[in-house]
Amino acid sequence: MRLSRYPIFTTKEIPRTTELISHQLMLKAGLIRNVSSGIYSYLPMGYRVLNKVISIVKEEMNKIGAEQVLLPFIQPADLWKRSNRWKNYGEELLRFQDRKGGWFVLSPTHEELITQLVKELVTSYKRLPLVLYQIQIKFRDEMRPRGGVIRSREFLMKDAYSFSQNEKEMKEIYQQMRSAYERIFSRCHLKYKLVEAESGSIGGNLSHEFIALSPMGEDKIVECDNCGYLAKLEMANYSSAKDNDNEEIKPIKEVPTPGVKTIKDLSEFLHYRTSKLLKTLFYQTDKGLIGAVIRGDHQVNEEKLKKLVGAKKIQLAGEDAVKKETGIDVGFIGPVGINSQLIVDTTVMEGKNFVAGSNQKDLHFLNVNPGRDFQPWLVGNIRFPSSEDRCPRCGHSLSIRRGIEVGHLFQLGKLYSHALKARFLNKEGREDYFIMGCYGIGISRLPATIIEQNYDGDGIIWPIEVAPFEVVVIPTNEKTVDTSEEIYLNLQRAGLEVLLDDRDVSVGVKFKDSDLIGIPFKVILGNTWLKEKKAEIKNRKNGKIEKVKLDQVPKKIMELITYAK
RNA sequence: CGGGAUGUAGCGCAGCCUGGUAAGCGCGCCUGCUUCGGGAGUAGGAGGUCGUGGGUUCAAAUCCCACCAUCCCGACCA
């Protein structure tokens, strides 16, 4: 393509409200435009990248025998009622009515639809296993979209579904899918971790996530640097670091703390470490109001709390509810003398002489001791691990890292086939439910994630397999225009995706745009050509320049591309 | 859904507090000349319902109210 006629839309400035590098660079390089909250248009250069990612995904899906389908973006409510997700999916499911008053949804995922489809088409084990996938728009009405296309409401996703006659077969496909994912993310040059995960609203048993490492990521994982233990933060097991104190249990004592309401303030006011403070949080549950007691330096894991209590739903109680229950403002709540059922974290039970709220205004207690000063209803791990905790397997220290979820594998089992009565005849001639798996990749999230891991001060550094173009030819002098044209045509003939920057702009602009957009290789024709009759090939990633004779340019570029892969 | 901001030219912003010759700057865009190896210089030019709707006032981008939209933090979530 000739850049003089190609729609590129690079800019010098970006809104100061954007935070993520990938978001900034995608706007600056003119890959995407924001349309509405969490909704984006892809411009030609950005769509090229997206298509590169799609090609990789398709290739790897086809390699493991998955076939592509296209399911509708709009689904009737009936299917969702049958799986009970009409009720359970929540506000993220965007519902609407057609002119006849019938209810529909914008698809956030397609388990129901694919299960219904396969139910209608497959009636014998002889057609199994079956693996279908699609690359389709999804819509989830997120409360707060953020980070550009990393967390948008409308997004492109690859979702695959497998149907098997037994567990063993399903697990085999799961493994194949896992290998395919590893190849896909490697080809995208992503540094990632495969971690055990929760299955969330999709449902099912075993589940793994592919987390691309990034300090800006929304997901947290724990990793043991010694034995390699890996898990999502909310799923992670850990063994608590023991306070090896031989402290004596002291008598409880009041201490005035006028206006000191937060853990941070309390810590500074009394000169106590936050790990010596207790916080008591109230939750509304279907089992009544409960109080969760944890150390000041810890965070409650609501999922774990929910499981321990055996509640279906829990929600942090508002300040009004707390005041009604305890008669006191948030800030001076403590476990001593509370009527509510107390769920106490294990690490609290192991500690001594804590500082806690007294349930009286402007007053805290020193030397609060669990068991003596308050009685737990339940004791268990109800918190997220912290960096002080130890690996549950080997006892080594754990590190907490951030990342972006780019892929998710679920073993669904019979969850949806049961709900939708999707059965086949097995070898014994009996009806059996399909054993299902489902496997997602956040396609539209991938380009942004790749940028998060591949950029520098000048812009994006695309890995060769996802770059919008492989090489750009830049004449820097009027006398080299014809030669540039010649090289451009030669590169095109060699089957390369090549741009010719024939725009009437200064050389600096050409270099800057090329770097910003992240074209992997530049062929520069200027002084070196005029003096030495050689073209320069500059590598975007490492800045290295090689001087090459004209007829050697295509060959050299091909070598560099092969090497880069 | 709680908290905090913002909405002024295609893009990025100032002006608002203290109402009145302030519709202003930078980038980009158009024209001429000069430039041309890392976002050129110069001279001229086009371009704005000041988010929307009410209100106050002789007078509103500016003050008040409501609404809409967007962004950030949190909670939630694949």
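Guide: Buried means under 20% relative accessible area, exposed means over 50%, and partly exposed lies in between (1.4 Å probe, protein chains only). Take Cys 438: at 5% relative accessibility, it counts as buried. This is a predicted model, where local features need pLDDT of at least 70, side-chain atom pairs count only at pLDDT 80 or more, and totals for chains, interfaces and linings use all residues. Residues are numbered from 1 along each chain as written, chains are lettered from A and ligands numbered from 1 in written order, and side-chain values use heavy atoms, without hydrogens and water.

Visitor: How many residues of chain A are buried, as a percentage?

Guide: Of the 565 residues in chain A, 52% are buried. The C-alpha atoms fill a box of roughly 90 × 70 × 55 Å along the principal axes.

Visitor: How many helices and strands does chain A have?

Guide: Helices (H or I, at least four residues) and strands (E, at least two) are DSSP runs, numbered from the N terminus. Chain A has 16 helices and 31 strands.

Visitor: Which domains does the assignment give for chain A?

Guide: The bounds come from an automatic or database domain assignment. Domain 1 is made of 21–187 + 413–451, domain 2 is 253–380, and domain 3 is 469–564. Between the C-alpha centres of domain 1 and domain 2 there are 42 Å.

Visitor: How many disulfides are found in the whole structure?

Guide: A disulfide is a pair of cysteine sulfur atoms within 2.5 Å. The search finds 0.

Visitor: Now a strand. Which residues is Gly 291 in contact with, leaving aside neighbours within four places in sequence?

Guide: Contact means heavy atoms within 4.5 Å. With those neighbours left aside, Gly 291 touches Leu 281, Phe 282, Gln 341, Leu 342 and Ile 343. Gly 291 lies in strand 15, residues 288–295. Its relative accessible area is 0%, so Gly 291 is buried.

Visitor: And helices? Which residues of helix 14 are buried?

Guide: In helix 14 (residues 507–517), they are Lys 510, Asp 513, Ser 514, Asp 515, Leu 516 and Ile 517. Their cover includes helix 1 (21–28), helix 2 (44–63) and strand 27 (471–475). Just past helix 14, Gly 518 has a positive phi of about 90°.

Visitor: Where does Ser 484 lie?

Guide: Ser 484 is in helix 13, residues 481–493. At 0% relative accessible area, Ser 484 is buried. Beyond four places in sequence, its contacts are Val 473, Ile 474, Pro 475, Leu 500 and Leu 525.

Visitor: Last, the backbone. What joins Leu 128 and Pro 129?

Guide: Most residues other than glycine have a negative phi, and most peptide bonds are trans. Here Leu 128 and Pro 129 are joined by a cis peptide bond, with omega about -5°. Pro 129 sits in the loop between helix 5 (111–121) and strand 7 (130–139).

Visitor: Is the phi of Asp 362 positive or negative?

Guide: Positive, about 60°, although Asp 362 is not a glycine. Its place is the loop between strand 18 (354–360) and strand 19 (363–368). Asp 362 is partly exposed, at 26% relative accessibility. Asn 367 also has a positive phi of about 60°. Asn 367 is in strand 19, and at 10% relative accessible area Asn 367 is buried.
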